[in-house]
Amino acid sequence: MKRVMMKRRTFVAAAVACATLISLPSIAMAQDYPTRPISLLVPWSAGGGSDAVARILASGLEKELGTPVNVINRTGGNGVVGHQSIAMARPDGYTIGLITAEINMMHRQGLTDLTYAAYRPLALVNTDPASIHVAADSDFESANDIIEAIKGGETVRFSGSGQGSIWHLAMAGMLVRAGVDPADAIWVPSQGAAPAMQELAAGGVEVVISSVPEAEAMVAAGEAETITLMADERDANYPDLETLEEQVGVDWTVASSWRGIVAPAGTPDDVAATLETALKSVYESADYQDFMQARKYGLIWADADGLEAWLEEKETEFGEVMSAAGMTSE
């Protein structure tokens, strides 16, 4: 009987030891994350503001995490392709993404069923108000000139990003508040601010709406001029740039761009915590702060919980505005 009991105890001990050995790799894997390169997906084209922010973040994350972080531009479908690619990635921390305001808009237009619920929020890192840009030789000197031209039956072509994007919403909301039907203007979709500014310089459109920093290179080159800022007050970086309310008497500041970093829903807690901690260190670093300030990009920080609350607020806010501007598929 004793021999049988000893055999049983030996068997149980061996089984426990074996189970411990089997579990060790998975424990070590969680503790050692990351052990290979990470992909940072961007739904917009290279050269634009989202791409620039993603690349400075990637550079900082490489230093913090000790592994390569590769920025991959997944454009198409007015932002749907890239946002969908982030959501569909394996939730293991090796594919993360930069999302933009369009995530609160695309599903309302029938472009996709995707919503912010498909992600695990990590951090909010940037926000910028909309601004209006025209060609350097344009007759438009203010937002009021543009609105009056549309009222007078002139064809005015706008661009800045995709159909139904945040900059499209900026245009539509401005016109609605000014008593103009957005259908009286033409929105020319683009894959981001950079190609839209090129189209402006080439004469393919008359107006581009984007953030000020996204247009600054073309303005500095003498190809374009920024004439209006859709913000509550003037920007200290551009003290001579009038707000939309100053020029038109329209208080329209809802449509600002923002950029957040997320992982696919289902990403493990420990992996998400590692990424959030690394992102905070990058955000606070001199490299990131100097980069953003040099390019006059808006600085804002929110942790994972803060980004989730931000997404919930924008979902409601954008829904109301889009409905008023006739930009929903319903």
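The model is a predicted one, in which local features need pLDDT of at least 70, side-chain atom pairs count only at pLDDT 80 or more, and totals for chains, interfaces and linings use all residues. Residues are numbered from 1 along each chain as its sequence is written, and side-chain values use heavy atoms, with hydrogens and water left out. The protein averages a pLDDT of 89, and 90% of the residues score at least 70; pLDDT is the predictor's confidence in each residue, from 0 to 100. Over residues 1-30, pLDDT stays under 50, and the model has 1 contact beyond four places in sequence for this stretch.

Two strands pair if DSSP finds at least two bridges between them. Strand β5 (residues 130-135) is joined to β9 by 6 bridges, and the two run antiparallel. Along this pair, Ala 130 stands opposite Met 230, while Val 134 stands opposite Glu 225. Another 4 bridges join β5 to β8, again antiparallel, with Ile 209 of β8 as the bridge partner of Ile 132. β5 is mostly covered, as 6 of its 6 residues are buried, where buried means under 20% relative accessible area, exposed over 50% and partly exposed in between (1.4 Å probe, protein chains only).

All 5 of its 5 residues are buried, so β1 is largely enclosed by the rest of the structure. Ile 38, Leu 40 and Val 42 point one way from β1, whereas Ser 39 and Leu 41 point the other way. Parallel to β1 runs strand β2 (residues 69-73), joined to β1 by 5 bridges. The chain crosses from β1 through helix α2 (residues 49-65) to β2 in a right-handed β-α-β crossover; right-handed means that, with the strands pointing away from the viewer, the path from the first strand over the helix to the second runs clockwise. β1 is also joined by 3 bridges to strand β3 (residues 95-100), with which β1 runs parallel. Leu 41 stands opposite Ile 72 in β2 and opposite Gly 97 in β3.

Turning to helix packing, the axes of α6 (residues 193-202) and α7 (residues 212-220) come within 10 Å and cross at roughly 35 degrees. The contact is made by Ala 193, Met 197, Gln 198 and Ala 201 of α6 and Glu 214, Ala 215 and Met 218 of α7.

Some loop residues also deserve mention. A cis peptide bond, with omega about -5 degrees, joins Tyr 33 and Pro 34, and Pro 34 sits in the loop between α1 (2-32) and β1. Asn 78, although not a glycine, has a positive phi of about 55 degrees and lies in the loop between β2 and α3 (80-88).

Note on methods: Contact = heavy atoms within 4.5 Å. Axes fitted to C-alpha atoms, helices over the stretch in contact; angles between N-to-C directions.
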